[in-house]
Amino acid sequence: MKKVLIITYYWPPAGGPGVQRWLKFVKYLPDFNVEPVLYIPENPHYPIEDPSLIKEIPKEITTYQHPIFEPYSLAKFLSAKKTKRISSGIIQEKDQSLLERSMLWVRGNFFIPDARKFWIKPSVRFLLDVLEKEKADTIITTGPPHSVHLIGLALKKQLPKLRWIADFRDPWTSIGYHKKLKLTNSSQRKHKKLEHEVLSNADSIITTSATTRHEFENLTKRPIKVITNGFDSRYEGSIDLDKSFTISHIGSMLAGRNPKNLWKVLSELTTENSVFRADLQLEFMGVVSQDVMDTLYRYELGPYIKMKGYGSHAEAVRKQRQSQLLLLVEINSRETEGIIPGKLFEYMAAKRPILALGPKNWEAGEMVLNTNSGKVFNYESHGDLKDTILQWYGAFKKGKLTANSENITMYSRKSLTEELVKLL
């Protein structure tokens with residue numbers, strides 16, 4: 001079997017879609033005669049953990065670990081809450097304290113490209129021996145954190161014949177939170193330079209969206225392939241739907257993901273329709289920013305909110321199948337047009353109607369429409385949004401609220417792994 005060394009920071013017990021992407025690739029690569037060898041940090045700082053994912057790690061996989069110095073582990077002594085929020089990518093834009101502004105400035109300008117930069121040099125020295133021992137001629141780096149790509153860059157420079165594939169789960173310098181890091185002009189140039197070096201030296205590049213691929217095509221002549229995230233759950237057997245008219249959001253609800261028009265529409269419906277008011281329930285499984293919570297209470301939706309906190313992946317899948325509607329929201333900006341939330345594919349597989357709100361020309365929205373998985377609205381929608389929710393509510397009352405997602409087999413984890421293997 002061909003051996004491939006996969007270098008990743010996030011791995012169980014870490015939680016989130018970035019973990020599941022490579023956990024599933026590792027699961028299916030042997031089916032295509034490829035043996036994955038894994039390299040991960042020995043003592044990582046994970047802001048979100050899902051220990052249930054540990055049991056999904058293939059028992060036969062060879063795993064190498066090396067210690068990492070984590071600045072976040074020191075920063076938590078100043079403020080554990082703020083450190084966890086920042087390391088999770090949740091940056092509060094309003095009412096930032098002096099400490100939070102200072103932490104963001106230090107994070108953006110001292111830790112380039114990110115706080116895991118101290119793992120680069122020791123990893124390169126360590127992996128030179130691993131590559132020799134395993135006789136692996138191909139490596140895959142996956143980021144963020146983009147420091148992982150700099151490990152690949154250094155190895156490629158020392159071993160020019162080594163094949164290097166760089167997997168970008170998110171963009172680098174164009175991602176939304178990049179602008180919030182209070183970067184100096186010098187720091188911005190450093191990020192751009194490192195991004196260019198990675199894109200120019202990798203043998204192949206993978207992106208999770210066509211939008212990011214088009215963006216990178218303006219920066220490099222290297223071949224770029226889109227391999228999205230996907231779903232792996234079998235969804236076998238029936239499940240009892242919620243008795244309430246639940247609109248569920250699974251995952252982090254960042255400050256920028258605050259669809260005020262949706263909250264306004266729901267507030268109007270609860271005022272105008274007493275039956276709707278009795279049935280409505282808003283469920284949030286994951287972290288919700290204070291800005292979103294403030295807006296919900298301002299529209300007097302507090303009585304309908306159910307906070308479930310962060311749950312395991314299995315619990316999230318079960319909630320997706322039970323919910324009447326699944327809420328998919330992205331920040332309303334040009335920079336997020338190519339962001340495809342990992343939850344989208346599991347939403348599709350759950351076969352519950354998706355209520356999607358995001359920017360115009362949103363790639364994820366097009367996927368919702370193309371697979372007949374739900375309806376898509378922008379942040380200015382009101383009348384059409386209200387009409388759709390009422391239509392869905394009417395179907396719910398008759399016990400006929402369904403979704404029939406079509407042509408989603410291409411997004412199964414095994415099909416996506418087959419596409420990955422073509423690059424090897």
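This tour moves through a predicted model, naming at each stop what to select and what is found there.

**The whole chain**

Begin with the entire protein chain in cartoon view. Its secondary structure comes to 16 helices and 13 strands. Of the 424 residues in the chain, 58% are buried. Colour the surface by atom type next: the chain exposes about 18,700 Å², and carbon and sulfur atoms supply 50% of that area. Among contacts with a separation of 6 or more, residues 24 or more positions apart account for 75%.

**The nonpolar cores**

Select L5, I7, W11 and L155. These are the residues with the most contacts inside the largest nonpolar core, which has 58 residues. Then centre the view on W11 and display its surroundings. Leaving out residues up to four places away in sequence, W11 touches V19, W22, L23, V26, L38, I40, Y46 and I57. Another core, of 33 residues, lies apart from the largest one; M253, F276, F284 and A395 are among its members. In soluble globular proteins, nonpolar side chains tend to be buried together.

Move to L269, which lies in helix 9 (residues 260-272). L269 has a relative accessibility of 2% and therefore counts as buried. Which residues are in contact with L269 once its neighbours within four places in sequence are left aside? They are F276, K386, I389 and L390. Draw a distance between the C-alpha atoms of L269 and K386: these are separated by 8.1 Å, although the two residues are 117 residues apart along the chain.

**Aromatic rings**

Now show the side chains of Phe, Tyr and Trp. The count comes to 18 aromatic pairs.

Continue to F245 and Y393, an aromatic pair that is edge-to-face, with 5.3 Å from centre to centre and 75 degrees between the planes. F245 belongs to strand 8 (residues 245-250) and Y393 to helix 15 (residues 383-397), so the pair ties together parts 148 residues apart in sequence. Both F245 and Y393 are buried.

K117 lies over the face of F118, at 5.7 Å from the ring centre.

**Helix 7**

Select residues 185-201, which form helix 7. This helix has 17 residues and reaches 25 Å from its first C-alpha to its last, close to the 24 Å expected at 1.5 Å a residue. Highlight S187, H191, L194, E195, E197, V198 and L199 within helix 7; these residues are buried.

**Backbone details in the loops**

P113 is placed in the loop between helix 4 and helix 5. P145 is found in the loop between strand 4 (138-143) and helix 6 (147-158).

Next, select K135, in the loop between helix 5 and strand 4. K135 has a positive phi of about 60 degrees although it is not a glycine. With a relative accessible area of 61%, K135 is exposed.

End at N361, in the loop between strand 12 (354-357) and helix 14 (363-370). The phi of N361 is near 65 degrees, a positive value in a residue other than glycine. N361 has a relative accessibility of 59% and so counts as exposed.

Key. Residues are numbered from 1 along each chain as its sequence is written. This is a predicted model: local features need pLDDT of at least 70, side-chain atom pairs count only at pLDDT 80 or more; totals for chains, interfaces and linings use all residues. Side-chain values use heavy atoms; hydrogens and water are left out. Rings of Phe, Tyr and Trp (its six-membered ring) pair if their centres lie within 6.5 Å; planes under 30 degrees apart count as stacked, over 60 as edge-to-face and the rest as tilted. Helices (H or I, at least four residues) and strands (E, at least two) are DSSP runs, numbered from the N terminus. Buried means under 20% relative accessible area, exposed over 50%, partly exposed in between (1.4 Å probe, protein chains only). A charge sits over a ring if NZ of Lys or CZ of Arg is within 6 Å of the ring centre and within 35 degrees of the ring normal. The expected span of a helix is 1.5 Å times one less than its number of residues. A nonpolar core is a set of buried Ala, Val, Leu, Ile, Met, Phe, Trp, Tyr and Cys residues joined through side-chain atoms within 4.5 Å. Contact means heavy atoms within 4.5 Å. Accessible areas come from the Shrake-Rupley method with a 1.4 Å probe; for residues, only the protein chains shown count as cover.
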